[in-house]
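Thanks, everyone, for making the time this morning.

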Amino acid sequence: MSGRQTPTFRIIPGEKGLAADDAHPDLRELYEKYGASVHGRCSYLLRDRNQAEDAMQDVFAKALTHYASFRQEASPLTWLIKIATHHCLNLLRAERAGWHARFEREARARNATDPGPQVFEMRELVIQMLSLVDQETQAVAIHYHVDEMTLEEVAALLGRSVPTVRKRLSEFAAVCGKEFSP
Amino acid sequence: MTLVETTPSQSGHLAELVLRRYRAGEFSTEECAETDRHLAACAPCRSKLRVLVEEQRAFERDIPFERFAGGVERARRVPRQRPRRLWFAGLGGALAAAAVVLFLVRTPTPAFNRSKGSSVEATVRVASAKASAQRAVPPGSQEVLEPGDRVRFGYRTADPRFLAAVSIDDGGEITLLYPESGPALAVAPTEKTIFLPDSLEFTGAGREKVFLFLARTPFDSAAAKQAVKTAHASARGDLASLPNPAFAGGQQVFSWLFRKP
């Protein structure tokens with residue numbers, strides 16, 4: 001809607017779009033190798049089918065925009081997961097601002113019931129706790145607890161030192177509980 | 001440099017990201033051989049890998065390549081933008097609050113559309129960037145917007161309802177306005193007009209049609225979005241002749257057509 005100067009995707013005669021197989025030989029490969037992984041990360045964080053698909057498209061669009069450097073990555077998947085995580089956390093932060101948070105608070109108050117004992121996997125526990133910490137700590141927690149990367153791997157991925165990553169994980173554990181201790 | 005170790009973690013199992021990279025074919029011959037050896041001896045990791053393979057199959061069933069490619073191309077050409085929400089965002093709180101008070105206090109009675117026997121009403125107020133005056137726009141109207149015009153949606157209902165607002169532009173781009181995702185908003189009966197939070201500024205050119213759904217039963221905003229998509233297809237993309245979308249839930253639908261500056 002707003003901000004769009006051009007219509008949605010359509011094939012214009014005389015101009016090949018990316019939907020054509022031979023227009024961009026790598027897109028189908030990206031789709032088959034990484035589609036589910038990126039879509040899975042977006043779905044996990046956004047919890048909304050439409051938003052997740054939009055976000056996944058945004059991530060692959062970024063990959064194509066920076067395709068030369070993307071191809072040089074030691075692990076394109078790790079790069080995509082990092083971008084997807086960052087993108088979705090940004091979307092969540094934007095959504096939490098303003099009226100959305102107010103409305104959700106009111107809705108929670110209306111629907112406040114005891115959910116009873118529930119068993120969550122680690123990834124579910126992590127996402128329940130994300131809103132309690134800042135965005136960098138969110139990213140660290142996701143890569144460490146959900147992607148099961150090591151401290152060193154998370155540090156290399158996010159361009160932070162190992163002590164910084166450890167500190168973020170300790171902060172996350174302090175807020176959320178000792179089961180999250182690094 | 002390899003970012004993810006291919007050796008098993010302290011748990012004795014391969015990390016999920018390692019298995020994903022293995023499935024994607026990112027590993028060298030040596031890394032593949034090492035992973036193969038682990039998989040041959042580790043049933044849980046083999047099982048996890050099978051889940052990842054099936055996950056990709058399900059993804060390809062749900063989102064065919066053509067749809068994926070079209071969406072990526074669209075996102076690459078035109079970065080996605082949300083409508084600009086004003087008054088509560090960015091500006092000083094006092095200024096924003098004052099603007100809202102002015103908006104609510106100084107406006108005349110809204111121009112509601114109320115069909116005979118209906119217990120639900122809806123309206124739109126447009127606040128001009130140039131003048132202090134605001135204008136009411138009843139549903140079913142066409143409205144020409146000036147640069148900086150801000151739009152706010154209001155409703156009044158005699159019984160509990162579930163609300164969602166969806167917009168579509170000339171290009172067929174559909175945006176969930178309220179809520180931005182998830183279940184429709186539960187709204188309580190009210191004698192006074194309730195304006196939805198924030199005001200919207202439609203940027204860009206062309207037309208924008210907005211539908212406000214007020215249903216008696218709960219529904220998901222995705223259903224409203226899908227209904228608009230179906231209606232758009234049936235009208236062959238002509239916003240002016242776009243019928244009110246319909247879906248299960250006994251909803252009442254109000255619509256406005258805006259011509260953007």
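Predicted model: local features only at pLDDT ≥ 70, side-chain atom pairs only at ≥ 80, totals over all residues.

A:Glu148 sits in the loop that runs between α7 (135–146) and α8 (151–158) of chain A, and its phi is near 60 degrees, which is a positive value in a residue other than glycine. Is A:Glu148 buried or exposed? With 20 C-beta neighbours inside 10 Å, A:Glu148 counts as buried, because the cut-off for that class is 20 or more.

A second residue in chain A, A:Arg47, also has a phi near 60 degrees, again positive and again in a residue other than glycine. A:Arg47 belongs to the loop between α1 (27–46) and α2 (49–65) of chain A, and, having 14 other C-beta atoms within 10 Å, A:Arg47 is classed as partly exposed.

Let me go back to α7, this time for its packing. At what angle do α7(A) and α9(A) pack? Helix α9 of chain A covers residues 162–176, and the two helices pack at an angle of about 95 degrees with their axes 9 Å apart, so α7(A) and α9(A) are roughly perpendicular to each other. On the α7(A) side the contact involves A:Glu136, A:Thr137, A:Val140, A:Ala141 and A:Tyr144, and these meet A:Val165, A:Arg168, A:Leu169, A:Glu171 and A:Phe172 in α9(A). Sorted by class, that contact has 6 nonpolar, 1 polar and 3 charged residues.

Stepping back to the whole of chain A, its secondary structure comes to 9 helices and 0 strands. Buried residues make up 37% of its 182 residues, and, of the contacts in chain A with a separation of 6 or more, 52% are between residues 24 or more positions apart.

Chain B, for its part, has 6 helices and 12 strands, and 38% of its 261 residues are buried. Of the contacts in chain B between residues at least 6 apart in sequence, 69% join residues at least 24 apart.

B:Pro179 lies in the loop between β7 (174–178) and β8 (185–187) of that chain, and I mention the bond because most peptide bonds are trans.

Definitions and conventions
Residues numbered from 1 in each chain as written. Chains lettered and ligands numbered in written order. Helix = DSSP H or I, 4+ residues; strand = E, 2+ residues; numbered from the N terminus. Buried ≥ 20, exposed ≤ 12 C-beta atoms within 10 Å, placed from the backbone. Contact = placed C-beta atoms within 7 Å. Axes fitted to C-alpha atoms, helices over the stretch in contact; angles between N-to-C directions. Parallel < 35°, antiparallel > 145°, perpendicular 65-115°, else oblique. Nonpolar A, V, L, I, M, F, W, Y, C, P; charged D, E, K, R; others polar.
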